Amino acid sequence: MHEFALSALSVALSTSATRRLATRQLRRETFGKLKRFGLEFGNPIGLAAGFDKNGTAAQALAALGFGFIEVGSVTSEAQPGNPRPRLFRLPRDRALINRAGFNNCGAAQLAENIRRRRPDCVLGVNIGKSRSVSIEDAIPDYLKSFEAVYDIADYIAINVSSPNTPNLRELQRPEMLAGLLKSLQQRNAELGLQHSHQPKPLLLKIAPDLSESEIESIVEVAISFKVAGLIATNTTINREGLQTSHAEIESFGEGGLSGAPLGQRSNEVIALIYRLSRGQICAGASLIQLYTGFIYEGPSVARRINEGLAEIVRHEGFRTLDEAVGCRSK
Ligand SMILES: Cc1cc2nc3c(=O)[nH]c(=O)nc-3n(C[C@H](O)[C@H](O)[C@H](O)COP(=O)(O)O)c2cc1C
């Protein structure tokens with residue numbers, strides 16, 4: 001269904017006329033531009049990584065009213081991901097469980113796809129570790145993906161938090177994370193110099209299944225290596241408090257849970273990051289990305305959230321979203 005929806009979307013919105021029509025219907029610039037880590041966003045609602053893993057539908061997705069699209073995760077080489085079935089719906093919980101395992105066409109091919117059809121909004125590229133590479137050799141593997149997508153990405157998200165690649169989340173440990181971020185930022189600076197522009201914003205995507213002290217260490221490392229933002233959070237391995245029967249959940253097997261049941265935990269993590277990084281990483285959650293809500297609510301989800309936000313901003317007597325949330329643009 002996912003692949004069918006992706007190609008249907010791309011076909012339906014393949015001409016500039018249909019995209020303009022969708023844009024008129026679904027996209028309103030309600031807040032003025034939002035400036036975050038040097039990039040200008042039309043609105044704060046983005047599509048999270050994993051939906052358009054290969055960057056083949058980003059242009060069509062942008063026409064649905066997202067302020068940014070994060071494509072990927074991609075890895076340095078193409079890989080098939082886990083055997084199917086690997087995606088399960090939990091409708092009673094408005095949730096999904098997935099163990100996709102980074103099925104993707106490889107970083108270089110993604111870059112090619114984007115060059116062919118670039119979306120008309122901020123484009124993030126999310127990079128992960130190839131399954132065949134051991135955790136000790138992760139750095140050169142990330143560097144390879146980083147270099148392949150560097151010139152097409154507005155920002156690059158470093159994924160160290162998917163539960164579906166064995167040992168990946170070990171990269172969240174401070175020593176490992178410091179090594180990875182150091183190498184990526186070094187290459188970022190070199191490539192920036194070569195192309196005579198600022199280094200690209202690097203964002204770090206973290207898991208919800210971390211203790212407070214683990215998050216504290218991650219924030220410390222992220223700040224010291226000038227990470228532009230944290231993406232909180234990836235899917236969870238926790239299965240507590242669900243409406244879906246225990247037996248059904250068991251039958252799905254391993255994977256990351258996303259959607260409504262993750263809401264409270266990701267808000268807690270965001271609040272903690274806000275407290276720990278105040279002033280150094282832009283205040284609060286200044287952008288929001290979603291995936292599962294798009295599956296359950298359908299293509300108008302970004303427009304409807306943006307309309308709701310605009311209503312609140314107006315109602316409170318503010319002119320812009322930034323004024324309302326008290327976030328000074330950086
Ligand atoms: C089917 C599926 C595939 C995903 N693939 C990725 C991925 O490749 N990389 C990544 O960083 N996150 C991936 N995610 C996680 C989402 O980007 C998001 O962080 C998570 O689902 C929580 O947000 P949500 O509750 O709005 O879905 C995936 C999620 C789903 C449901």
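A backbone N or O atom of Gly259 lies 2.8 Å from an oxygen atom of the ligand, a polar contact in the sense of a pair of N or O atoms within 3.5 Å. This is a predicted model, in which local features need pLDDT of at least 70 and side-chain atom pairs count only at pLDDT 80 or more, while totals for chains, interfaces and linings use all residues. Residues are numbered from 1 along each chain as its sequence is written, and side-chain values use heavy atoms, with hydrogens and water left out.

**Ligand surroundings**
- The ligand is surrounded by 21 residues, of which the closest are Ala49, Ser73, Lys205, Gly259 and Thr292, where near means that a heavy atom of the residue lies within 4 Å.
- The side chain of Lys53 places an N or O atom 3.0 Å from an oxygen atom of the ligand, and a polar backbone atom of Tyr291 is 3.0 Å from an oxygen atom of the ligand.

**Backbone details**
- Gly72 and Ser73 are joined by a cis peptide bond with omega of about 5°, and Ser73 belongs to strand β4 (residues 68-74), strands being DSSP runs of E with at least two residues and helices runs of H or I with at least four.
- Another cis peptide bond runs from Ala232 to Thr233, with omega near 0°, and Thr233 sits in the loop between β10 (229-232) and α8 (246-252).

**Helix pair**
- Helix α5 (residues 138-149) packs with helix α6 (residues 174-194) at an angle of about 30°, their axes being 10 Å apart; the two are therefore roughly parallel to each other, a term for angles under 35 degrees.

Definitions and conventions. Axes are lines fitted to C-alpha atoms, for helices over the stretch in contact, and angles run from 0 to 180 degrees between N-to-C directions. Angles under 35 degrees count as roughly parallel, over 145 as roughly antiparallel, 65 to 115 as roughly perpendicular and the rest as oblique. A polar contact is a pair of N or O atoms within 3.5 Å; within protein, one must be able to donate a hydrogen and the other to accept it, and residues adjacent in sequence count only if both atoms are side-chain atoms.
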